[in-house]
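Trainee: I would like to go through this model one residue at a time. Shall we start once it is on screen?

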Amino acid sequence: MVIDDSKTIRRTAETLLKKEGYEVVTAVDGFEALAKISDLQPHIIFVDIMMPRLDGYQTCALIKNNQNFRHVPVVMLSSKDGLFDKARGRICGSDQYLTKPFTREELLDAIRSHVDTH
């Protein structure tokens, strides 16, 4: 699952991952994502930090505080590469932090390291 308020980022990630054979679901913000997560049970979630209504930190915390989904890896996506942002991501329970613009390899490495594909 890719959660980002930027259509460009959603489309880029979706295109890259679909080419690799992954099924991709997108959401424009945390509220939409939370509604879809329970139905679709994604194996990994990429979430942008800066979003309206519910930001990436809040979305991550809600996912990690839910008994049914706390095992799902959450990878934060941000255009900021600051230590503070990375630390805050860890505090809310994220499993990894990628800086935008991310590469195809970074996305695939995140999936390989957090999702058992066997």
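Mentor: Note that this is a predicted model. We begin with Glu106, which lies in helix 5, residues 104–114.

Trainee: Is Glu106 buried, partly exposed or exposed?

Mentor: Buried means under 20% relative accessible area, and exposed means over 50%. Glu106 has a relative accessible area of 30%, so the class is partly exposed.

Trainee: Which backbone atom does the side chain of Glu106 reach?

Mentor: Leaving out residues up to four places away in sequence, Glu106 touches Leu98, Thr99 and Pro101. The side chain also reaches a backbone atom at 2.8 Å, and that atom is the nitrogen of Thr103.

Trainee: How far is Glu106 from Ile9, C-alpha to C-alpha?

Mentor: Along the chain, Glu106 and Ile9 are 97 residues apart.

Trainee: Why are the buried residues of helix 5 said to be on the same side?

Mentor: The buried residues in helix 5 are Leu107, Leu108, Ala110 and Ile111. They are on the same side of helix 5 because the arc they cover around the axis is only 155 degrees.

Trainee: What covers the buried residues of helix 5?

Mentor: The cover includes one helix segment, helix 1 (7–19). It also includes strand 3 (45–48), strand 4 (74–78) and strand 5 (96–99).

Trainee: What is the relative accessible area of Gly30?

Mentor: Gly30 is in helix 2, residues 30–40. Setting aside residues up to four places away in sequence, Gly30 touches Ile3, Met51, Leu54 and Thr59. Gly30 is buried, and the relative accessible area is 0%.

Trainee: How far apart in space are Gly30 and Leu108?

Mentor: The two residues are 78 residues apart in sequence. From C-alpha to C-alpha, Gly30 and Leu108 are apart by 23 Å.

Trainee: Is Asp85 buried or exposed?

Mentor: Asp85 has its place in helix 4, residues 83–91. Apart from neighbours within four places in sequence, Asp85 is in contact with Tyr57, Lys80 and Tyr97. The relative accessible area of Asp85 is 9%, and the cut-off is under 20%, so Asp85 is buried.

Trainee: How many nonpolar residues are in the lining of the largest pocket?

Mentor: The largest pocket has a volume of about 320 Å³. Its lining has 15 residues, and those nearest the centre are Met1, Glu23, Pro42, His43 and Ile44. By class, the lining has one charged residue and three polar ones, and the nonpolar count is 11.

Definitions and conventions:
Residues numbered from 1 in each chain as written. Predicted model: local features only at pLDDT ≥ 70, side-chain atom pairs only at ≥ 80, totals over all residues. Heavy atoms only, no water. 1 Å grid on protein atoms, 1.4 Å probe; cavity = no way out; pocket = protein on both sides within 12 Å on 5 of 7 lines; lining within 4 Å. Points joined across faces, edges and corners; volume = space filled by probe spheres on them. Nonpolar A, V, L, I, M, F, W, Y, C, P; charged D, E, K, R; others polar. Helix = DSSP H or I, 4+ residues; strand = E, 2+ residues; numbered from the N terminus. Buried < 20%, exposed > 50% of the residue type's maximum accessible area, 1.4 Å probe, protein only. Contact = heavy atoms within 4.5 Å. Polar contact = N/O pair within 3.5 Å; in protein donor to acceptor, adjacent residues only side chain to side chain. Arc of directions from axis to C-beta.
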